[in-house]
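Please look over the sequence and the model below before reading on.

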Amino acid sequence: LEGGRALDDGEKLLLTLVTKGKPRQRRVAAVALARYVVRRAERASAQSVPALNALLAEQHKAGKIPLETVVAMGWIRQKAAIPMLAELLTTDDVTRATASAWALGQMQHLSAVKPLLKGLAKADPQVRCGIVDALGRLGHAALVSKSLMDEFLRKTSDFLCKPQAVVLRPDGRGDRIHDKLHLVGSGSRYRLRILRVMNKIGFLDDALPWLKRIAAGHSPYHK
């Protein structure tokens with residue numbers, strides 16, 4: 001019994017797979033269990049989130065956090081996962097790095113802001129698109145607006161953010177368990193994306209001249 005009630009059979013099976021399954025089973029079960037926790041909310045047992053946290057810690061210690069675990073952490077929004085996800089922002093695996101940015105943006109914790117800002121300086125350009133989106137979800141204008149404006153002015157910020165989506169499959173071939181998790185939405189110029197985020201969270205006065213140029217339609221960032 002959990003909290004005076006019997007564990008749901010589905011949750012019990014997922015917990016078993018997350019804790020004792022083969023590597024492939026654990027990856028798939030992590031995503032499924034995280035979705036279960038989000039959907040069932042208070043009806044989920046007190047064992048599920050700790051089991052996912054333990055899986056993350058184990059994989060981090062082994063030096064390989066799979067994409068599925070990254071996505072699972074974004075769904076359950078665990079503050080303890082933030083330092084481990086932050087390490088992935090500069091990995092060579094762009095999809096996993098972008099997923100980490102997405103997950104950090106879901107956290108709703110102030111402590112996720114600093115690693116995202118740090119990642120802007122070192123991450124792959126397409127990951128930077130995901131980081132900017134994540135900062136937009138977190139808000140905290142006083143902390144991020146100056147960094148976003150500096151990012152806008154960087155010579156390396158003139159590029160196109162490509163749409164990025166992840167389709168998670170049980171074995172890389174079978175039926176989808178989540179169809180197109182969008183990490184970065186529709187394509188747009190990176191600088192325009194930055195300005196949109198600054199507008200969303202409350203932008204600096206320094207950004208106004210650039211906004212006027214875009215509104216006039218005379219800037220390449222308008223495209």
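**A walk through the predicted chain**

C161 has a relative accessibility of 0% and counts as buried, where buried means under 20% relative accessible area, exposed over 50% and partly exposed in between, with a 1.4 Å probe and protein chains only. The model is predicted, so that local features need pLDDT of at least 70 and side-chain atom pairs count only at pLDDT 80 or more, while totals for chains, interfaces and linings use all residues. Residues are numbered from 1 along each chain as its sequence is written, and side-chain values use heavy atoms, with hydrogens and water left out.

The protein chain contains eleven helices and four strands, the helices being DSSP runs of H or I with at least four residues and the strands runs of E with at least two, both numbered from the N terminus. Of the 223 residues in the protein chain, 48% are buried. The accessible surface of the protein chain comes to about 11,500 Å², and carbon and sulfur atoms hold 53% of that surface; such areas come from the Shrake-Rupley method with a 1.4 Å probe, and for residues only the protein chains shown count as cover. Among contacts with a separation of 6 or more, 66% are between residues 24 or more positions apart, a contact being heavy atoms within 4.5 Å.

The structure holds one disulfide, a term used for a pair of cysteine sulfur atoms within 2.5 Å. This disulfide joins C129 to C161, with 2.0 Å from S to S, and the angle of -85° about the S-S bond makes the link of C129 and C161 left-handed. C129 belongs to helix α8 (residues 125-138) and C161 to strand β1 (residues 160-161), so the pair ties together parts that are 32 residues apart in sequence.

The aromatic rings come next. A pair of aromatic rings is described by the distance of the centres and the angle of the planes. Rings of Phe, Tyr and Trp (its six-membered ring) pair if their centres lie within 6.5 Å, and planes under 30 degrees apart count as stacked, over 60 as edge-to-face and the rest as tilted. By this rule there are two aromatic pairs. In one of them the rings of W75 and W102 have centres 6.5 Å apart and planes at 90°, so the pair is edge-to-face. This pair links distant parts of the chain, since W75 sits in helix α4 (residues 67-76) and W102 in helix α6 (residues 94-106), 27 residues apart. W102 is buried, at 7% relative accessibility.

F159 and Y190 form an aromatic pair that is stacked, with 4.5 Å centre to centre and 20° between the planes. Here too distant parts of the chain are linked, with F159 in the loop between α9 (141-153) and β1 and Y190 in helix α10 (residues 190-201), 31 residues apart. F159 has a relative accessible area of 13% and is buried, and Y190 is buried at 0% relative accessibility.

Which residues does S157 touch, not counting residues up to four places away in sequence? They are R128, E151, F152, Y190 and R191. S157 lies in the loop between α9 and β1 and is buried at 0% relative accessibility. A polar contact of 3.2 Å joins its side chain to that of R128; the term covers a pair of N or O atoms within 3.5 Å, of which, within protein, one must be able to donate a hydrogen and the other to accept it, and residues adjacent in sequence count only if both atoms are side-chain atoms.

Another polar contact, of 3.3 Å, joins the side chains of Q164 and T98. Q164 is found in strand β2 (residues 164-168) and is buried at 14% relative accessibility.

Q108, in the loop between α6 and α7 (113-120), has a phi near 60°, a positive value in a residue other than glycine, and counts as exposed at 59% relative accessibility. H140, in the loop between α8 and α9, is not a glycine either and has a positive phi of about 60°, but counts as partly exposed at 36% relative accessibility.
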